[in-house]
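I opened this model to look up two things.

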Amino acid sequence: METEEFGWLRRLTRRLVPGGGGGGLPVFTPRRAPVFTADFTSASQWVAGRSWAYPDGGPVNPGDNKLDHLVEDPAYSRGGVFRATPRPDGNWDTGLLTTEGSDEGFMVRTGDLLEARVRLPAELGAWPAIWTWRDGGQEIDVFEYHPDNPDLLELSNHVREAHRYHRDPTVRPGAWVDLKVDFGRSSVVWWVNGARVFADRRGVGRGWRAYLIVNLSVSAGRYHPAPGPDVREMSYEVTQLRVYRSQASAGGRGRGG
C-alpha cells in the first residue's frame, strides 16, 4: 500500500510527463485546450476576399508592393489551397481568408499557441503568409516566404518590433513545413519543424488579441521579384491550423475567441 507522499509524487509525475506517464524524465507541458481548428470551407469561421489590413478592405494593396486583387471565389482559398492567377490589368486574383468579420469572429490572444502545417510555393513572386491583424495593427507574422530566398522564413513581431530571418535547409520551394508560435506576454516564440528557432523577448503584452489571416500575395518587384510572364498560376497549401489556449485563460470561448 503506497504512502500518501509516494502517491502525491506519482500523481505529479503523471502531470509532468506528456500522456500521463511512461518512461523517461518528466517534462513539463502546459495543459492547453484547442479553441480553434481551421475549417477553411466554413463561412462562419472565415471571410473570403476582403480584409481591413488592405486599404478600404481591398481588393488591392499597391502601397505594400503587392499585385493582389482579392477574390471571394472559393477555388482560391476555401479548399486550403491558396491560389493566384494573373489578370488582364496586370494584377493577380488572389486568395485570402480572415476571421475578421466572420460570424464567429475568432481572435488569438496573449498566451495562445498556434500550430500550422504548410506547403511552400515554388514560383518566383509568390508571397504566402499566416499573420494577425486588428484595428490597423496588432500584426504578428507566423511566417512569410519568398521563393527567391529559398531557405529563408521571415518571422516578425510588429506589435513590439522584433524579427528574425530564419535560414533552414529543410525550408525550400515546395517543401512541407511545420510551424508553431507561442504568443507570449513577454516573448513570442517560434518553432520550425519541431526546433525552437526564435524567442523575441518582446512579446505582445497582457491584453493583446487579433484576428487571423491566411493568404497568398504576389510581389510587385520592389523587394522581391514579380512573377515572370510565363507564370500562369501559383499556390501554397495549408493542411492544418489550430490554436490552443491554456486552461488558466480558457474562459470566454465565445465570439472574439
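Which residue in β17 is the bridge partner of F82? I found Y236. I note that this is a predicted model: local features need pLDDT of at least 70, side-chain atom pairs count only at pLDDT 80 or more, and totals for chains, interfaces and linings use all residues. Residues are numbered from 1 along each chain as its sequence is written, and side-chain values use heavy atoms, with hydrogens and water left out.

Strands. I took strands as DSSP runs (E, at least two residues), numbered from the N terminus. Two strands pair if DSSP finds at least two bridges between them. β4 (residues 81-86) pairs with β17 in the antiparallel sense over 4 bridges. I then checked β1 (residues 32-37), which runs antiparallel to β17 (residues 234-246) with 5 bridges. There, F36 has V243 as its partner. β8 (residues 113-119) is joined to β17 by 7 bridges, also antiparallel. L114 of chain position 114 is bridged to V243 in β17.

Pocket. I used a 1 Å grid over the protein atoms alone and a 1.4 Å probe; a pocket is an open set of points with protein on both sides within 12 Å along at least five of seven lines, and lining residues have an atom within 4 Å of a point. Volume is the space filled by probe spheres set on the points, joined across faces, edges and corners. The largest pocket holds about 490 Å³. I listed 29 lining residues, with D64, W127, E139, D141 and E144 nearest the centre. β9 gives the largest share of the lining, 4 residues.
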